[in-house]
Each structure stands twice: as C-alpha cells, then as structure tokens.
Amino acid sequence: MPISIPKGVFDVLPFPLDSSMEWNTSERWAYVESVAIEVARSYGFEEIRIPIFEHTELFIRSVGEQTDIAQKEMFTFLDRGNRSLSLRPEGTASVMRSYVENHLSQRGLPQKYYYLGSMFRYERPQAGRYRQFGQFGLEAIGSPSAYQDAEVIDLMLTIYKKLGLKKLQVMINSVGTPQTRKQYLDALRAFFAPRLTELSQDSQTRFEKNVLRILDSKDTTDKKIIEGAPSILDFLDDASKQHFALLQTLLGNLGIDFVINDKLVRGLDYYTKTVFEITCDDLGAQSTLAGGGRYDNLIQELEGPATPSVGFAMGLERLLQVLHRQNAPIKSLPRTQFLLIALGQEAKCAAFSLLKQLREHHLMVEMEYSDRKIGATLQSADKKNIPYALILGEEELAGRTITLKSLKERSSDSISLDKLINHLKTL
Ligand code: HAM
C-alpha cells in the first residue's frame, strides 16, 4: 500500500485538492504571507528564522508546565544522544532563547522581529485545528509602554484590513503581574473550591496545579461555571490598571473597536498585563484568528536581562479559510505568459537559446520539449491559462521571424525576431 500523509497535516499544492480545500493553494499562502511581511516591515520589524525544534525544557519553562501545550500537545522525542527535543509548538520561546543566547540586547532596544513558519501541536484534528499549522508572528522586545501594545494590535489589524477581512472582533484583557495575581488566584481557588466536583477532570487537576488555567477550559460545563468567577480586573495593581487604561485610550484614538473580556487569560503562562485575541464569526468553532500579549518577565525567566516585550501570532490556515469564505480578492502571482513551441530539430535548438534570452528580459516563458502535435500542445497551454504561444518553425527560422498566437483571441501575427522582445513587453 502506498504511504499516506499523517493525521492532522496536509499538502499545499498550486490547486485545491477538493472543494473543501479551496482556501488551500500555494498561491493563496504566498499572497497572504507576502502581505503580512510587507506590513510588518513597514512597521520596522525584521525577519528572524528560528529552529523547528528546541530543547523541550525551553518550551516547558516558557509556556508553563501546566498548560495544555506542555501537558499534552508537544511532539517530544529523544534524539540519538538521548536529549529530549520538541517540535516548536509556538515561536515566542525560541525568539526569546535566541535573544538571550545571541546577546541581541547589545543591538540596543527596542528590537522588533517577525517570523513565519509551521508550528506543531498534538491536538485532535478538526476544521481549523491541525497538528502542523502556519503562524505569522512577531515580537517587539524592550518597550514597557502601552504604546507598543497598541502598535502591535494595530499592525495585526492592518494586515487583516489589507487582505480585505471583515467581521473581526478584538478582545482585550489585563492579567496584571505575578505579584498581584497571587490575590486573584486565591479568589479563584475560593470560588472554584465548592464547585470542584462539577468541574471537568482536567480542570480539577488545574485547580491543584495552576488554577488560572481553568479559565482556558474548552469544556462546556466548565465554561458556564467560569462565567461567574471573579474578575481579574478587580485585582490589578495601579501600574497595570494605568497601562490597561492607556491601551484602551490609544486603541480608541486609532478607531479600533474592542471588547474587554475579563476571563481572557490565553493558554500560555508567560503573559503579564495586556493580553488580546482576534476572533471572526465566519470561522466556526475554532474562531480565534490570532492572539498575543505582553510578557515582561519571560526573558528574565530564561536567564536574560529583564526586558519587557509584547507580541502576537496569527494562524494562517484559519486566516486563509475566512478569506475564502468572505470571498476576499487574492492577488495572483506572476505566471507564464508565453509557451515557446519549436518545430523541427534545428528550430528547437535555436528556440532554446531564444528562451534564455527572453527570460533574461524578465519575460515569463516556458518551452515545450515534447514532439507531440502542435494542436495538442496549444490545447494544454490554453488549459493552463497561458495566454500566448510563440511558434518557431523551419520557415520562420529561415526568415528570422516567429509566429505569435493569442490563445484567447485565436489570432496570429508574424513578428521579426529582432523586434520580438520589445513587442512581447508591450503585451
Ligand atoms: P496561540 O494563541 O497559542 O499564541 O496561537 C496563535 C494562533 O495560532 C491562534 O490564534 C490560532 O489562530 C493559531 N493556532 C494555534 N493552534 C492551532 C492549531 N492546532 N491549528 C491551527 N491553528 C492554530 C501563540 O502561539 C503565542 N506565541 C502568540 C504570542 C506571540 N504571544 C506573544 N507573542
């Protein structure tokens, strides 16, 4: 039996594999990625490329031992030297590891990096949730200011706006600092203690080990109980309160609509102060398009200098799915414009040199190498949406001309080889 693709992953081809995968073509991926990169660069972010795998401990220490990611979602393996490695479940931990290890602080602050690539989480696959998924993420390292938070949120929404996305909702919250959070955790424990047996098994464990994580629960009964839980906003210290108030003013000034969701704590332990998520109603069950927040202590926890930072990551499959559902226009990449067909050995040899010449003039040309009938070649060029054919036969070669055929209009022209490049450029 031929070997099939593993569960929760998929190929990206130039065309959709079936009607349910119309959002998934390499052209759509490339377009979305190019817009995200262009916007991030225009805000002063530079690219960082991080490894696909890291020491497992990096992720455990960063995202937190009691998170779903660390508990059950990592692809962890021992290498041949018996070291525990994990495929990256997210990018922030690696960017921070790189920042500390490569002494990037010496470049001065702030530093702003974006990254693009696959992340891996062993989740139950369903629409919008995969085991390998694409993220575009970025991290602004070094600024404690709410202005930086607002800039990052604005950047994210600018990418979505440029892509033509509609019906987005921005949710924000503040999770304060670890010091002030202690009181909130006590209040949460007091609230959940009498309801413990009603909670899911996972949440009962979280109660013991990291009570805040109960708020991430996807269990429907848990969710109902969580609605009545105390609000973290009532426990914020003054600095976090002011930070959160300034963020709201700045977003308001930019005309960004948002809602405050005081139960939003995100599924990662490293956040301090601001957290945010973007959802879209057109997405279905997995409605979160992107998420992020501030993490003022993570670099220090990874033994680097105390450096406040903020960032986000957007899921690319979910983004492509909503874009498709909302019929947002996709800008096509440049495609083959001309198919060069030579008839006879001598013409073929000459055409092959011409092909190189045309390409050097940035014309998008392919050449037909088979000796099949010209009618069949033209038909398959038309099928591939190539608009023109260039035909070089013995006669044309002798007269230093070439036949230019428009496959759409079904018209032909004889063009002198000397004028060919200039002529083709005008088409
Ligand atoms: P996250 O919320 O875990 O945050 O992931 C960000 C986005 O990745 C989600 O909103 C979702 O769109 C997408 N995503 C996550 N898991 C899956 C999956 N299994 N299948 C498809 N898409 C998925 C982070 O990863 C943080 N590193 C974000 C951040 C950066 N915070 C600060 N800086």
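**Ground rules.** I am working with a predicted model, where local features need pLDDT of at least 70 and side-chain atom pairs count only at pLDDT 80 or more, while totals for chains, interfaces and linings use all residues. Residues are numbered from 1 along each chain as its sequence is written, and side-chain values use heavy atoms, with hydrogens and water left out. Helices (H or I, at least four residues) and strands (E, at least two) are DSSP runs, numbered from the N terminus.

**Entry 1, the eight-stranded sheet.** I traced an open sheet of eight strands, ordered β1-β5-β6-β11-β10-β9-β7-β8, with mixed pairing. Two strands pair if DSSP finds at least two bridges between them. The edges are β1 (46-47) and β8 (259-260); each has a single partner strand, so one side of each lacks a neighbour in the sheet. Helix α5 (residues 146-162) packs on this sheet and touches β5, β6, β7, β9, β10 (288-294) and β11. Contact here means heavy atoms within 4.5 Å. The direction of α5 makes about 20° with that of β11.

**Entry 2, around β6.** Next I looked at strand β6 (residues 132-141): nine of its ten residues are buried, so β6 is largely enclosed by the rest of the structure. Buried means under 20% relative accessible area, with exposed over 50% and partly exposed in between (1.4 Å probe, protein chains only). β6 pairs with strand β5 (residues 111-120) in the antiparallel sense over ten bridges, and G117 has Q135 in β6 as its bridge partner. β6 also pairs antiparallel with strand β11 (residues 309-315), over seven bridges, and there G137 stands opposite A313. Further along, strand β7 (residues 168-174) and strand β9 (residues 274-280) are antiparallel over seven bridges, with M171 opposite E277.

**Entry 3, the three-stranded sheet.** I also found an open antiparallel sheet in the order β2-β4-β3. β2 (53-55) and β3 (76-78) are at its edges with a single partner strand each, so one side of each has no neighbour in the sheet. On average, neighbouring strands here are turned by 35° against each other, direction ignored. β2 pairs with strand β4 (residues 84-87) over three bridges, and F53 faces L87 of β4. Helix α2 lies across β2, β3 and β4, at about 80° to β2.

How do the axes of α2 and α4 cross? The axes of α2 (residues 56-63) and α4 (residues 92-101) come within 9 Å and cross at roughly 105°. Axes are lines fitted to C-alpha atoms, for helices over the stretch in contact, and angles run from 0 to 180 degrees between N-to-C directions. The two helices are therefore roughly perpendicular, a label for 65 to 115 degrees. I see L58, F59 and S62 of α2 meeting A93, S94 and R97 of α4. Nine of the ten residues of α4 are buried, and these pack against β2, α2, β5, β6 and α10 (298-301). After α4 comes H103, with a positive phi near 50°.

Last check: helix α6 (residues 178-192) has 15 residues and should span 21 Å at 1.5 Å a residue; its end C-alpha atoms are 20 Å apart, which agrees. The expected span is 1.5 Å times one less than the number of residues. Its buried residues, including Y184, L188 and F191, pack against α7 (201-209) and α8 (220-227).

Key
Parallel < 35°, antiparallel > 145°, perpendicular 65-115°, else oblique.
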